[in-house]
Amino acid sequence: MKQASLPQSSAAHHIEHIIIGTAGHIDHGKTSLVKALTGIDTDRLPEEKRRGLTIDLGFAYLDLDENRRVSIVDVPGHERFVKNMLVGATSINLVLLVIAADDGVMPQTIEHLEIINLLGIKHGLIVLTKKDLVTDEWLAIVREDVKKTVSGTSLEHAPIIPVSVITGEGIETCETMIKELIAQIQVRNSIRVFRMPIDRSFTISGYGCVVTGPILGGQVSVEDEIEILPMKRALRVRGIEVTGERVTSAFAGQRAAVNLAGIKSVEIQRGQELSLPGYLQPTKIIDALLRLIKSAKNPLKNRARIRFHLNTSEVMGRVVLLDRDALKPGEEALCQFLLEDFVTTEREDRFIIRAYSPAYTIGGGKVLRNNTVRLKRFQEKALHILKILASGNLPDIVEQAYLDNTHVYRGERPFAFTVGDISRQVNIHPSVAENVIAGLVKKGLLLKFLIEGKEGIVHRDVIASVKEHILNTLSAFHKENPVKTGIEESQLRALVSAGFLSAPKTEKARVGKSRSGPPFADTTQPFLFTAALSVLKNEKVVKIMDNKLSLMDFKLEVSTKDKGAADKIEEAFLKAGFTPPSLQEIITKFGASGKTAISLLVEQKKLMMLENGLYFHAMALTKLKELVRTHVTRNGPMSVAQFRDMSGTTRKYAVPLLEYFDAIHFTKRTGDVRVVL
Ligand SMILES: Nc1nc2c(ncn2[C@@H]2O[C@H](COP(=O)(O)OP(=O)(O)OP(=O)(O)O)[C@@H](O)[C@H]2O)c(=O)[nH]1
Ligand SMILES: [Mg+2]
């Protein structure tokens, strides 16, 4: 089994595939038009045949030339089946808006048009059907009315073509226009990760489970390992069909029937989705830009219950308006959807919302962020981030992902992200993420680090903030410990992260903050700390000596008095040999200076501490070690008494000295005696 392939660039597959869809009021001739164009009757359900109307989506295809076949999705016009129309509408690139010449613009003509407009479908054709039933004068009146209706929508400049399936008039023109329009369409969906929302699932004997749907991005091949969402279950692709033909791969913009191994068709429902394993996270919270349609009867109130339609799914939920209490018809606002069930979505996905009851279309928009947390309303910072996402400017969006800790991706550490993390977070193909990140690195906005074999990319502001905390912590440490040359890295990290939690929130520290909680509390994470420290070392602001970190310009600040005391104390230790003075004796003699001087001598590694209060001069220890080695070589393992006699030290020092030698692995105790290692 292989992983679903990631195309490197659009060059991997030249042709841009597109899907055509119908739209329009009930009985206006959508299914008849598709049949006239393709010869295929898309009304396949017995109930559809009996009632003479379309209930669910119908599928056909049109051969543009010998090598090119496009899918057509025929939708129902009945007001009760708008939800089915939406399942088909979200994936289409070219719409045929069908209006019967005898009937003119009707309620679902308008509702479908609103939907097309909200979904951002820019390419379309307006087909005036049943031309045989009207006079030329009437047709002219309808044409004017249609023009008025579409003005200000994405179909404002769409050609209007009168046809009749009875006389065949206009059908050829319609086909020519479709070809012309397709030539103008540019969709760059191939450089996306594979996604296919499911609109049907059934069993074919001998094959098993088959699902169908539009491929929104990337490609899928036979034997690929894919994932079904929201269950996140791994499956294998057994076979693929596109417009009735067996293929080995299917591409973005095609409708495919995928034969799946490892699952039964009854386990799958419309609205579920196939994708690359691990790429998408099902979510119940979505940040979005929402527009209310102009013709909406009422403003949309905060927390209104709505039906949320995205790709082939429909879930109930509430809309939280983030910057106002009500959204007026025709207005646009940043909002958050709190859904009652999981949906699978990518940034920039289009959605439609409908009133809860009775169901009618009220608005729609685009997804800004899916792996999100609940946001508080009227929060400047959160709104600022959403505005960047709404702008659609990819470098800004990727940069923001590096600064935004609202964007907590499960299992990942915030602030240090790999190309793969960004691909999943921002929903872009890894090759696109790599390019955008490279651009930001070049500008100096992002910094790349390789720490213990792991690559991580961090925003320079984040590093600057961590650097500042390290420097503050180090200078505080020096101030409190004037005669210590520095601090060990692990100790510094502990102090820095503790400091983060209690530090006053400066402007800088708030860079990545968009909700309550300590800013950069995650600096405890070793990666960021190590990265920031490495920069400080490179910049020669921090130095490391004997495993201890200090500020580059830090010097032991010792007063002449302390220095004098240190010299005298060292002399006393050297003179005393193996029976040195105790700390108490030093303090009695030199007072506070004595204590500082001892610390200084320890820091300079001239004095060694055996046990609290027992200090020895390093030279005396070296000499003692030589004596012990010689003694043991000559006489074999040595007892405490022998050590005492040999060194001439007192009982008070003998045991701590030997234990010290054990601790530094110079000697080893076996029973009552010691051997030299
Ligand atoms: N005279 C005439 N009748 C037509 C023409 N096109 C469609 N009709 C008739 O109009 C009726 C409805 O046609 P359909 O194609 O089922 O309409 P539809 O838009 O698919 O309807 P729904 O799917 O239910 O929304 C049928 O009886 C067709 O025969 C036409 O060009 N001329
Ligand atoms: Mg129909």
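Predicted model: local features only at pLDDT ≥ 70, side-chain atom pairs only at ≥ 80, totals over all residues.
**Stop 1**

Select E223. This residue sits in the loop between β11 (219-221) and β12. Most residues other than glycine have a negative phi.

**Stop 2: two cis peptide bonds**

Follow β12 (224-229) to the loop that joins it to β13 (233-242); P230 is there. Is the peptide bond from L229 to P230 cis or trans? It is cis, with omega near 5°.

Now jump to the loop between β24 (350-355) and β25 (361-369), and pick out P358. For context, most peptide bonds are trans.

**Stop 3: the second largest pocket**

Select V483, K484, K548, S599 and E603. Of the 30 residues in the lining of the second largest pocket, these are the closest to its centre. The pocket has a volume of about 730 Å³.

Next, colour the elements around it. Helices α11 (460-480) and α16 (592-603) each give at least two residues to the lining, and so do the strands β29 (542-545), β30 (548-551) and β31 (607-611). Which element supplies the largest share of the lining? That is α16, with six residues.

You will find 13 nonpolar residues, seven polar and ten charged.

**Stop 4: a helix pair**

Two packed helices are described by the angle between their axes and the distance between the axes. Select residues 640-647 for α18 and residues 651-663 for α19. Their axes are 10 Å apart, and the packing angle is about 110°. An angle from 65 to 115 degrees counts as roughly perpendicular, and α18 and α19 are therefore roughly perpendicular to each other. The crossing of α18 past α19 is right-handed.

Now show the side chains where the two helices meet. From α18, display V640, F643 and R644. From α19, display R651, A654, V655, L657, L658 and F661, which they contact. How many residues of this contact are nonpolar, polar and charged? Seven are nonpolar, none is polar and two are charged.

Conventions. Residues numbered from 1 in each chain as written. Chains lettered and ligands numbered in written order. Heavy atoms only, no water. Axes fitted to C-alpha atoms, helices over the stretch in contact; angles between N-to-C directions. Helix = DSSP H or I, 4+ residues; strand = E, 2+ residues; numbered from the N terminus. Parallel < 35°, antiparallel > 145°, perpendicular 65-115°, else oblique. Left-handed = near helix turned anticlockwise from the far one by under 90°. Contact = heavy atoms within 4.5 Å. Nonpolar A, V, L, I, M, F, W, Y, C, P; charged D, E, K, R; others polar. 1 Å grid on protein atoms, 1.4 Å probe; cavity = no way out; pocket = protein on both sides within 12 Å on 5 of 7 lines; lining within 4 Å. Points joined across faces, edges and corners; volume = space filled by probe spheres on them.
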